[in-house]
Amino acid sequence: MKYYFTLLISVFIFGCNGGSSGDASADLFGDAITFENITSLSNLLASKDENIGLEFLTEGIAIEICQKKGCWMDIKDGEDVMTVRFKDYSFFMPKDGAGRKATIQGVFTKETYEDTDEQGNAIIQEYYQIIASGVKLKKSLQN
Amino acid sequence: MIMTSIILIIISITGIVLIHEHDTHFFSRTRITTSILPPQYQYRLDTMRQAQGTTSSFQKDANSVPLSWLMYDLHSGTFFGKWAWIYYDLISVALILYSISGIYLFIGIMKPKSIKKKEC
């Protein structure tokens, strides 16, 4: 019985790899990052409508992370800010991840929603976001 | 009674898994095909993909849901239907009562009893 217990504990310990990506300085969430060339946020946003539905590798500093569950984060690259959500909500960011550099592989999408303007008229708002399939988050804070 | 024990085991295991979801890649990368799950999972996945605007992307994942969905549903009871939460609540309340009564009994045992002198 104790051998089974030892085996179970060993499997658990070795199964937990700390979310590392093989790169000791970063944590990897979701799928492995397969893209090599980084597209900056400014390039992504420069031709927004052409990039919708395409998959990219981009990076930025995580400036805000959902404090309820870690289900979204805002990244900033220069002056550009972008919201990142995660494919099928299959993984989440650590809530204390703000300030860390994030490398994100995902799809660029456009969302629309109904809103009201100052006069109370219904208007259609649109915003752009990245649906990430994989995120590499540096362990150290970026200044 | 056996059903309650099985559900308690499920709640405990899924609880451990959810606590350690950031410690391993296994649960964030593993997906389960919707063909072996209740039909509402495919509907939920389609709705999610539509909401995220990824219906034409990530095609290899179009018919599989993240393992974490299943873990949350098993842990919260929603996997067993919309009324399962009542059973989960009853189990939880019973566990709280068992714990309180256990503490009460333990304190009762530990309390030094007054020794009565035998009357001659």
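Just after H3(B), B:Gly53 adopts a positive phi of about 75°. Helices here are DSSP runs of H or I with at least four residues, and strands are runs of E with at least two, numbered from the N terminus.

This is a predicted model, in which local features need pLDDT of at least 70, side-chain atom pairs count only at pLDDT 80 or more, and totals for chains, interfaces and linings use all residues. Residues are numbered from 1 along each chain as its sequence is written, while chains are lettered from A and ligands numbered from 1 in the order in which they are written.

Let's look at the helix itself. The buried residues of H3(B) are B:Tyr41, B:Leu45 and B:Gln52; buried means that 20 or more other C-beta atoms, placed from the backbone, lie within 10 Å of a residue's own, and exposed means 12 or fewer, with partly exposed in between. Seen down the axis, the buried residues fall within an arc of 40°, so they line one face of the helix. That arc is taken from the directions from the helix axis to the C-beta atoms.

Turned away from the buried side are the exposed residues B:Tyr43, B:Thr47, B:Gln50 and B:Ala51.

## Chain B as a whole

Chain B has five helices and two strands, and along the sequence they follow the pattern α-α-β-α-β-α-α. Its C-alpha trace spans about 95 × 30 × 25 Å along the principal axes. Of the 120 residues in chain B, 15% are buried.
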